[in-house]
Amino acid sequence: MLVRLVYASRAVDPSPDAIEAILAESRSHNPASGITGILCYGGGIFLQAIEGGRAAVNRLYSHILHDARHRQVELLAYEEICERRFGGWTMGQANLAKINHSILLKYSEKPELDPYAMSGKVALALLEELMATASIIGRA
(Lines give C-alpha, C1' and ligand atoms only; values in the text may rest on other atoms or scores of the structure.)
Protein backbone atom coordinates (compact mmCIF):
# COMPACT_ATOMS: atom_id res chain seq x y z
CA MET A 1 0.00 0.00 0.00
CA LEU A 2 1.33 3.41 -1.00
CA VAL A 3 0.91 6.54 1.12
CA ARG A 4 1.89 10.19 0.85
CA LEU A 5 2.84 12.28 3.86
CA VAL A 6 3.30 16.06 3.79
CA TYR A 7 4.84 17.89 6.72
CA ALA A 8 6.40 21.21 7.66
CA SER A 9 9.31 21.90 9.98
CA ARG A 10 11.78 24.60 10.87
CA ALA A 11 15.46 24.08 10.23
CA VAL A 12 17.71 24.25 13.25
CA ASP A 13 20.55 25.14 10.86
CA PRO A 14 19.26 26.70 7.62
CA SER A 15 22.72 26.98 6.05
CA PRO A 16 23.21 25.62 2.51
CA ASP A 17 25.64 22.98 3.85
CA ALA A 18 23.10 21.69 6.38
CA ILE A 19 20.35 21.50 3.75
CA GLU A 20 22.67 19.72 1.34
CA ALA A 21 23.56 17.22 4.07
CA ILE A 22 19.85 16.45 4.60
CA LEU A 23 19.34 16.00 0.85
CA ALA A 24 22.44 13.81 0.50
CA GLU A 25 21.29 11.59 3.37
CA SER A 26 17.83 11.28 1.84
CA ARG A 27 19.20 10.41 -1.58
CA SER A 28 21.47 7.81 -0.01
CA HIS A 29 18.90 6.08 2.22
CA ASN A 30 15.57 6.51 0.42
CA PRO A 31 16.06 4.16 -2.55
CA ALA A 32 16.53 1.09 -0.33
CA SER A 33 13.27 1.95 1.48
CA GLY A 34 11.32 2.75 -1.67
CA ILE A 35 10.84 6.35 -0.55
CA THR A 36 10.46 9.18 -3.06
CA GLY A 37 9.55 12.81 -2.59
CA ILE A 38 10.53 16.45 -2.63
CA LEU A 39 11.88 18.96 -0.14
CA CYS A 40 10.95 22.59 -0.52
CA TYR A 41 12.82 25.08 1.64
CA GLY A 42 13.06 28.78 2.19
CA GLY A 43 13.48 31.18 5.07
CA GLY A 44 14.50 28.38 7.43
CA ILE A 45 11.30 26.42 6.78
CA PHE A 46 10.93 23.00 5.18
CA LEU A 47 7.88 21.69 3.35
CA GLN A 48 8.31 18.07 2.38
CA ALA A 49 6.28 15.36 0.70
CA ILE A 50 7.36 11.74 1.06
CA GLU A 51 5.80 8.78 -0.71
CA GLY A 52 6.24 5.06 -0.42
CA GLY A 53 5.00 2.03 1.44
CA ARG A 54 3.02 2.80 4.58
CA ALA A 55 5.50 1.22 7.00
CA ALA A 56 8.53 2.87 5.34
CA VAL A 57 6.92 6.33 5.28
CA ASN A 58 5.85 6.02 8.92
CA ARG A 59 9.38 4.94 9.97
CA LEU A 60 10.91 7.87 8.11
CA TYR A 61 8.46 10.35 9.63
CA SER A 62 9.22 8.99 13.10
CA HIS A 63 12.92 9.52 12.37
CA ILE A 64 12.23 13.11 11.25
CA LEU A 65 10.25 13.81 14.42
CA HIS A 66 13.32 12.87 16.48
CA ASP A 67 15.91 14.42 14.14
CA ALA A 68 17.76 17.25 15.87
CA ARG A 69 18.01 19.13 12.55
CA HIS A 70 14.24 19.78 12.60
CA ARG A 71 12.04 21.59 15.09
CA GLN A 72 8.31 22.30 15.14
CA VAL A 73 7.57 19.30 12.92
CA GLU A 74 3.90 19.41 11.95
CA LEU A 75 1.94 16.87 9.93
CA LEU A 76 -0.05 18.60 7.18
CA ALA A 77 -1.46 15.65 5.23
CA TYR A 78 -1.37 11.87 5.20
CA GLU A 79 -3.25 9.78 2.68
CA GLU A 80 -3.37 6.45 0.91
CA ILE A 81 -2.53 6.92 -2.76
CA CYS A 82 -3.00 4.88 -5.94
CA GLU A 83 0.18 6.19 -7.54
CA ARG A 84 3.12 8.42 -6.74
CA ARG A 85 3.22 12.03 -7.88
CA PHE A 86 6.88 12.54 -6.99
CA GLY A 87 8.21 9.14 -8.06
CA GLY A 88 10.99 10.58 -10.19
CA TRP A 89 13.00 11.80 -7.23
CA THR A 90 14.75 9.95 -4.42
CA MET A 91 14.55 13.47 -2.96
CA GLY A 92 14.00 16.40 -5.29
CA GLN A 93 14.53 19.91 -4.01
CA ALA A 94 13.07 23.35 -4.53
CA ASN A 95 14.89 26.37 -3.13
CA LEU A 96 12.22 29.04 -2.84
CA ALA A 97 14.81 31.80 -2.94
CA LYS A 98 15.26 30.91 -6.61
CA ILE A 99 11.66 30.72 -7.82
CA ASN A 100 9.12 33.25 -8.99
CA HIS A 101 7.39 34.65 -5.92
CA SER A 102 4.07 34.75 -7.76
CA ILE A 103 3.89 30.96 -7.34
CA LEU A 104 4.02 31.35 -3.56
CA LEU A 105 1.54 34.21 -3.65
CA LYS A 106 -0.88 32.00 -5.57
CA TYR A 107 -1.12 29.69 -2.52
CA SER A 108 -0.32 32.04 0.39
CA GLU A 109 -1.29 35.36 1.90
CA LYS A 110 2.25 36.64 1.26
CA PRO A 111 4.96 35.64 -1.23
CA GLU A 112 6.85 33.61 1.35
CA LEU A 113 6.76 29.99 2.44
CA ASP A 114 4.51 29.47 5.47
CA PRO A 115 3.16 25.91 5.34
CA TYR A 116 1.97 26.28 8.95
CA ALA A 117 -0.74 28.60 7.60
CA MET A 118 -1.72 26.22 4.76
CA SER A 119 -4.05 23.29 4.65
CA GLY A 120 -2.52 20.00 3.59
CA LYS A 121 -4.32 20.24 0.23
CA VAL A 122 -2.91 23.69 -0.46
CA ALA A 123 0.61 22.59 0.54
CA LEU A 124 0.36 19.64 -1.84
CA ALA A 125 -0.97 21.92 -4.61
CA LEU A 126 2.06 24.19 -4.13
CA LEU A 127 4.43 21.24 -4.40
CA GLU A 128 2.65 20.03 -7.54
CA GLU A 129 2.92 23.50 -9.09
CA LEU A 130 6.64 23.59 -8.33
CA MET A 131 6.93 20.25 -10.09
CA ALA A 132 4.85 21.43 -13.07
CA THR A 133 6.93 24.59 -13.47
CA ALA A 134 10.21 22.65 -13.32
CA SER A 135 11.20 24.39 -10.08
CA ILE A 136 12.26 21.07 -8.58
CA ILE A 137 15.80 19.91 -9.21
CA GLY A 138 17.84 16.91 -8.18
CA ARG A 139 16.08 14.32 -10.30
CA ALA A 140 17.52 10.92 -9.50
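Q: Why does the end-to-end span of helix 1 agree with what its 18 residues should give?
A: The model is a predicted one. At 1.5 Å a residue, the 18 residues of helix 1 should span 26 Å, and the end C-alpha atoms are 26 Å apart, so the two agree.

Q: Where does helix 1 bend, and by about how much?
A: The bend is at Arg 27 and amounts to about 25°. A proline, Pro 31, follows within four residues.

Q: And what follows helix 1?
A: Gly 34 does, with a positive phi near 75°.

Q: Which residues of helix 1 are buried?
A: They are Ala 18, Ile 19, Ile 22, Leu 23, Ser 26 and Asn 30.

Q: Turning to pockets, how much space lies in the largest pocket?
A: The largest pocket holds about 300 Å³ of space. Of the 18 residues that line it, Glu 25, Ser 26, Asn 30, Leu 60 and His 63 are the closest to its centre.

Q: Which helices supply at least two residues each of that lining?
A: Helix 1 (16-33) and helix 2 (54-65) do. Helix 1 gives the most, with six residues.

Q: What is the make-up of the lining of the largest pocket by class?
A: Seven residues are nonpolar, seven are polar and four are charged.

Q: What about the second largest pocket: how much space, and which residues line it?
A: About 170 Å³ of space lies there. Its lining consists of Tyr 107, Ser 108, Glu 109, Lys 110, Glu 112, Asp 114, Ala 117 and Met 118. By class, three of these residues are nonpolar, one is polar and four are charged.

Q: New topic: how many aromatic pairs does a search of the whole structure find?
A: The search finds one aromatic pair. Tyr 7 and Tyr 61 form this pair, which is tilted, with 5.9 Å centre to centre and 55° between the planes.

Q: Where in the chain do those two tyrosines lie?
A: Tyr 7 is in strand 1 (residues 2-11) and Tyr 61 is in helix 2, 54 residues apart, and the pair links distant parts of the chain.

Q: Are Tyr 7 and Tyr 61 buried or exposed?
A: Tyr 7 and Tyr 61 are both buried.

Q: Lastly, what is the reach of helix 4 from its first C-alpha to its last?
A: Helix 4 (residues 120-132) has 13 residues and reaches 18 Å, close to the 18 Å expected at 1.5 Å a residue.

Q: Which of the residues in helix 4 are buried?
A: Gly 120, Ala 123, Leu 124, Leu 126, Leu 127, Glu 129 and Leu 130 are buried there.

Technical notes. Residues numbered from 1 in each chain as written. Predicted model: local features only at pLDDT ≥ 70, side-chain atom pairs only at ≥ 80, totals over all residues. Heavy atoms only, no water. 1 Å grid on protein atoms, 1.4 Å probe; cavity = no way out; pocket = protein on both sides within 12 Å on 5 of 7 lines; lining within 4 Å. Points joined across faces, edges and corners; volume = space filled by probe spheres on them. Nonpolar A, V, L, I, M, F, W, Y, C, P; charged D, E, K, R; others polar. Expected span 1.5 Å × (residues − 1). Buried < 20%, exposed > 50% of the residue type's maximum accessible area, 1.4 Å probe, protein only. Phe/Tyr/Trp six-rings, centres within 6.5 Å; stacked < 30°, edge-to-face > 60°. Bend = angle between axes of the 7 residues up to and from the residue.
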